[in-house]
Amino acid sequence: MINLQPYGNPMYFVYLLVGLLPLMIGLYFGKRFVVYQTIISAIFLLLIFGGSKWQQGLALIGYIVYQFIVVGGYAVYKRRANQTWVFVCTVILSIIPLVIVKITPAIQVGRQSLIGFLGISYLTFKSVQMVMEMRDGTIKKFDPIMFARFLLFFPTISSGPIDRYRRFQHDYIQIPDRKHYLQMLDKAVHYIFLGFLYKFILSYLFGTMMLPKIAHIAIMHREAFFHTGISLALVGYMYTYSMYLFFDFAGYSLFAVAASYLMGIETPMNFNQPFKAHNIKDFWNRWHMTLSFWFRDFIFMRLTFFIMKHRLIKNRKRIPQVAYLANFLIMGFWHGVTWYYIVYGLFHAGAIIINDYWLGFKKKHRQLPHNRLTEGIAIFITFNVVCFSFLIFSGFLNTLWFSAR
Amino acid sequence: MKTKGKLWLIFGPVIIAAGLLILLLSLPIGFGHFNSQTEKKAAVSLSPKVFRGRKIKQQALENGYVPFFGSSELSRLDEFHPSVLAAKYHRSYRPFLLGNAGSQSLTHYFTMQNLGTQLKGKKVIFIISPQWFTKEGQRPDAFGFYYSPLQTIDWIINAKNDTADRYAAKRLLEMPSGRSSEIGEAALENVEHGKPVSEFQKMFLKFKETILLNEDSLFSRFQLNNNLAKVQKGEKSLPAHYSISKLNHLAVKVGRRETTNNKLGIKNTFYKTRLSGNRIKDLKDSQTKLDYRRSPEYSDFELVLNQFAKWHVNVQFIIPPINARWADYTGLSIPMIRQTDQKIEYQLRQQGFNNVLDLSDYGNEKYFMEDTIHLGWRGWLKVDQTVNPFLTNKQPQPNYIIQNRFFSKNWQNTVKNE
């Protein structure tokens, strides 16, 4: 049995286009072939999670059944009552599989959990979001079939972008008119080719051609600068890795968005020229946007309200700082239970708190100059802070300091 | 009508681009000729891209290049390396280096698959290292690194139902690379079980071959590294006229100059980057358990011999020594090495491969080895004294008698006693 990794090679795009063509013709004429879309989605899921990855496929099925019980159960309960503790328990239950998958490799070194599969985090984000919005009352009716379509939407199943249920539902039901659909097709073709440039050329150049060589040189210099390993090669690694990370992930995201567009679903964009950010806050509005907005809406905002409502912290300035810290710490743990992901989270929390102080200072001192030069300096500083955080994120320091010795 | 025009604006360029790409890759075009500079670069590049390809190799071998099969020692491009000596002293041949770290018999067997026309009745050099003959034999990851779908297809299309080809198919299927394409895998299974490759499989593989060939001739000239600069630098430090005593003198001088930071006779740069600090301590007595006498590699090697015999290739084999001080330090058993060399030599001579230069007694010679197991300075000069006359002078036609017993498990596990 064949196994296909999403967007892994040019052939995948040929299969994708052939598979989606009937659907596209339907949408062009204002119809969504629901049965066809269900069948073709099942085939693609089978190709992604079948063959040598069949264990992941089983894990996915188990996971879906589990989330249906949790989310569906909460929907049934919510019609009758609205206790906070039930809500909290439901969220915890919804997260538990992901927690197990993330903690397993940290406890049993190198072991992967049996219940894990490609994309489990992204499905968890979608499920938790459902529970929270049902609590808020913004999602009133639990439609199991639409929920399944939302969770298992194959273009974004492996690594996002993370869509929102109500938006997805709207697009699924409301077929775009021909003019709008043509615009979407136009964008989709553009995104796919931009994605080719990002993922198959630039990411290959930085990640496959350059990175191993620079890593090798940096490891050769691991005794440099008083045994810290700080060398020019390490700086080179930092920038090369940052470029690789961006082009790889942004390329992938472009493919996922483009495939969604072909299917008449306007999955939100994930990146918006992040290296042009003027400060860290701006950066998180441009980098992995669907993730950072998810964290903003479902962790940061909720925590801030919670603290204010219960008056847990008196000093108003401290509230966002605590919320940032919690927000980024959770994001760090989500990436994986290793010291470098957690430090990465703390680093960004620190950076964004310092940034808040600076913005406050700027507000008080209106006479500070603001021109193209200062903007350039701001972009330069932000870029370097971000690249440094990616060096932490890469785990290369772990190799350099601990495992290569 | 208006929206149809728009559709064409969106998808027209994609359709045209895809059509052009398919035409470019699927038509048997061939795409011209490589210039001699590209040949020169490719011959010393030691790049897996060159090993995997076909066109550069074919063209170079038609223009006086001679294949030097080997492994990591080929990358020791000091001033006495065969490629440097051949260029400096305007020999009638130029080495085309085929092999690098991790390339062993199975890789070489497939590398030569599409060189039949160029190799028939010709001479080649084959450096065979005892280190290949580990208990596990060819490492699948290293094989994958040099694996060429093109050569595999060329091999499958010409495969016959005989012991050698069935054995090769079996070995290939033991590697993940051999199972990387569905139809190729099915065809290999047919060969393994003595069944013919189906017409559909052949048609598909031939179509894929055309695409791979076009890719090869379009792209293999790019990104050749600059090993050639090392060769040219080496040429400059050699005496203008060939003199064995002068060269030997120089080799001693260079060797002495470059082995000053350790007592094992290992080149400074190698020692510093690979062995210094605690690493050298950890390696003390680390090789006491190594045994090269029993290995699947012996049968893989037989595949190579079988191919040479089929094409009547005249081969000069070279068995390099191991740095004796290194062997002593790491506890590598010298009797075991001796028995390994004898087993290899037995396999060669039994089948009529009589050009064997066994250097295993030279492990103690100063400046013979560049580091642990790789020939260097004086070692290369010694090799040259056999290789140069072998390639320059006319040689009698060899008479090979291939024996299938060397493909057996029994032979893989036989230890030859003195």
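Predicted model: local features only at pLDDT ≥ 70, side-chain atom pairs only at ≥ 80, totals over all residues.
Residues are numbered from 1 along each chain as its sequence is written, chains are lettered from A and ligands numbered from 1 in the order written, and side-chain values use heavy atoms, without hydrogens or water.

Of these helices, α10(A) gives the most to the pocket lining, with five residues. Helices here are DSSP runs (H or I, at least four residues), numbered from the N terminus. In total 45 residues line the pocket, and Lys102(A), Leu118(A), Ser121(A), His335(A) and Tyr341(A) lie nearest its centre. The lining divides into 26 nonpolar, 15 polar and four charged residues.

Now turn to where the two chains meet. The contact (heavy atoms within 4.5 Å) takes 11 residues from chain B and 12 residues from chain A. Thr3(B), Ile10(B) and Phe11(B) supply 44% of the area that chain B buries against chain A, more than any other three residues. Buried area is the accessible area (1.4 Å probe) that two parts lose on being put together, summed over both. Helix α1 (residues 2-26) of chain B gives the largest share of the side that touches chain A, seven residues. By class, that side of chain B has four nonpolar, three polar and four charged residues.

Terms used
Helix = DSSP H or I, 4+ residues; strand = E, 2+ residues; numbered from the N terminus. Nonpolar A, V, L, I, M, F, W, Y, C, P; charged D, E, K, R; others polar. 1 Å grid on protein atoms, 1.4 Å probe; cavity = no way out; pocket = protein on both sides within 12 Å on 5 of 7 lines; lining within 4 Å.
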